Amino acid sequence: AKSVHQIQSGQVIVDLCSVAKELIENSLDAGATSVEVRFRNNGLDAIEVQDNGSGISPANYDSIALKHYTSKLSSYEDLSNLQTFGFRGEALSSLCALSKFSVTTAQAEEAPKGKRLEFDVSGKLKSATLVACQKGTTATVEAIFESLPVRRKELAKNIKREYGKVLALLQAYACVCVNVKFTVKNTMPKGKSVTVFSTKANATTRENIANVYGAKTLAALVPLDLELEFRPTLTQLVHKDKTQSRIHVKGHISKPVFGEGRQTPDRQMFFVNGRPCGLPQIAKAINEVYKAFNVSQSPFIFADLQMDTNAYDVNVSPDKRTILLHDSAALIENLKVAL
Ligand code: ADP
Ligand code: MG
């Protein structure tokens with residue numbers, strides 16, 4: 001019988017994208033300036049994320065993969081002022097329940113030695129072995145969804161598409177994280193490791209876009225810079241508070257190409273305050289504007305929606321990917337007009 005823990009874990013880690021997202025955000029939370037993502041067999045065999053961040057303190061080895069353990073939240077009030085991606089302590093515990101999970105880590109004072117940590121399905125530390133290790137952390141997820149055979153079979157069947165989705169997500173992180181060098185590699189069975197793309201540290205968004213999508217894509221871009229407004233909420237009206245209803249859309253969009261084109265939705269990246277997220281309604285609105293002007297190709301979009309943290313809620317789904325904007329209808333109307 002499947003345990004409750006496995007079923008709950010399957011709601012936190014729903015696909016390859018959730019695996020990559022959770023591991024990368026842990027690396028970014030650890031202050032990494034270099035993140036390398038390595039796939040084996042498009043991710044079906046393994047996803048591994050190596051960073052040069054802080055490493056994990058030996059005092060925390062026992063607890064990191066236990067359910068609800070997090071080192072990132074010290075009080076309940078902290079929740080309203082989050083500086084990190086993680087705070088729920090569910091990712092590593094879920095990955096233990098769903099895959100063969102291990103970590104190799106070293107803090108500055110231990111490097112070039114570190115520990116390889118293995119965990120059982122409940123997240124309990126099974127073993128800690130001394131190994132050679134640079135400062136930072138490598139998290140390895142092998143045979144994801146092994147413990148949920150139906151989902152594993154589904155993933156294997158759709159692996160090409162799932163791999164495409166996870167690459168699109170990695171491209172978004174690589175473009176937006178200007179302080180971080182990103183490298184993505186894939187190795188097929190019996191094949192050699194192939195670098196899919198890489199960026200440099202301390203680059204601009206434009207340089208990152210060129211490295212990820214090519215110079216031709218970059219050449220077709222114009223800046224996107226729009227000030228929009230939400231309809232204020234009742235509370236804001238009562239308090240005459242306008243600060244929360246303003247929103248700044250900043251980024252890059254491709255110039256209209258008229259005539260025959262192709263659909264390229266995987267080149268549309270959205271962020272809310274610098275965090276990658278899916279905003280299908282906004283994408284649809286922009287594509288509709290392009291269509292209305294007889295542009296057959298949907299544009300390349302890199303758009304960061306900068307707004308007050310009270311204007312949205314990331315905490316609505318366990319995988320933290322769904323973002324609820326408090327008034328998307330008005331926003332979309334304003335966006336169309338502004339475009
Ligand atoms: P959360 O990110 O919500 O705290 P996770 O389950 O993702 O929960 O991670 C649990 C803990 O493991 C983190 O709070 C952190 O202390 C540690 N950890 C995980 N990945 C890394 C990493 N790449 N570098 C440093 N510490 C990490
Ligand atoms: Mg995390």
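Q: Hi! What share of the residues in the protein chain is buried?
A: In this predicted model, buried residues account for 35% of the 339 residues in the protein chain.

Q: And how confident is the predictor, going by mean pLDDT?
A: The protein chain has a mean pLDDT of 87, and 85% of its residues reach 70 or more. The model also scores ipTM 0.99 and pTM 0.89.

Q: What about the rest, how should I treat places where pLDDT is low?
A: Predicted coordinates should not be read in detail there.

Q: Got it. How many helices and strands are there in the protein chain?
A: There are 10 helices and 15 strands.

Q: Which domains does the domain assignment give?
A: Domain 1 covers 4-213 and domain 2 covers 220-338, according to that assignment.

Q: How many residues does each domain put into the contact?
A: Domain 1 puts in 14 residues and domain 2 puts in 10 residues.

Q: Which elements give two or more residues on the domain 1 side?
A: Those are helix 1 (4-12), helix 5 and helix 6 (205-213). Helix 5 gives the most to the side of domain 1 that touches domain 2, with 7 residues.

Q: How do the residues on that side of domain 1 divide into nonpolar, polar and charged?
A: You get 10 nonpolar, 4 polar and no charged residues on the side of domain 1 that touches domain 2.

Q: Nice. Switching to the largest nonpolar core, how many residues has it, and which have the most contacts inside it?
A: The largest nonpolar core has 70 residues, and V19, A20, L95, L170 and Y173 have the most contacts inside it. Helix 5 (residues 159-176) turns up again here, giving the most to this core with 8 residues.

Q: Where does this core lie relative to domain 1 and domain 2, and why?
A: It lies between them, because domain 1 (4-213) and domain 2 (220-338) both give residues to it.

Q: You listed L95. What is L95 in contact with, leaving aside its neighbours within four places in sequence?
A: L95 is in contact with I13, F101 and V141.

Q: And for the protein chain as a whole, what share of contacts between residues at least 6 apart in sequence join residues at least 24 apart?
A: For those contacts in the protein chain, the share is 66%.

Q: Back to helix 5. How far apart are its end C-alpha atoms, against the span it should have?
A: The end C-alpha atoms of helix 5 are 26 Å apart. At 1.5 Å a residue, its 18 residues should span 26 Å, so the two agree.

Q: Which residues of helix 5 are buried?
A: The buried residues of helix 5 are V166, L167, L169, L170, Q171, A172, Y173, A174 and C175.

Q: Then what is phi of K190?
A: Phi of K190 is near 65 degrees, a positive value in a residue other than glycine. K190 is found in the loop between strand 7 (181-187) and strand 8 (193-198).

Q: Is K190 buried or exposed, and why?
A: K190 counts as exposed, because it has 5 C-beta neighbours inside 10 Å, and the cut-off for exposed is 12 or fewer.

Q: What about phi of N273?
A: N273 is not a glycine either, and its phi is positive, about 50 degrees. N273 lies in the loop between strand 11 (268-272) and strand 12 (275-276). With 14 other C-beta atoms within 10 Å, N273 is partly exposed.

Definitions and conventions. Residues are numbered from 1 along each chain as its sequence is written. Chains are lettered from A and ligands numbered from 1 in the order in which they are written. This is a predicted model: local features need pLDDT of at least 70, side-chain atom pairs count only at pLDDT 80 or more; totals for chains, interfaces and linings use all residues. A nonpolar core is a set of buried Ala, Val, Leu, Ile, Met, Phe, Trp, Tyr and Cys residues joined through C-beta atoms within 7 Å. A residue is buried if 20 or more other C-beta atoms lie within 10 Å of its own, exposed if 12 or fewer, and partly exposed in between; C-beta atoms are placed from the backbone. Helices (H or I, at least four residues) and strands (E, at least two) are DSSP runs, numbered from the N terminus. Domain bounds come from an automatic or database domain assignment. Two residues are in contact if their C-beta atoms, placed from the backbone, lie within 7 Å. Ala, Val, Leu, Ile, Met, Phe, Trp, Tyr, Cys and Pro count as nonpolar, Asp, Glu, Lys and Arg as charged, and the others, Gly among them, as polar. pLDDT is the predictor's confidence in each residue, from 0 to 100. The expected span of a helix is 1.5 Å times one less than its number of residues.
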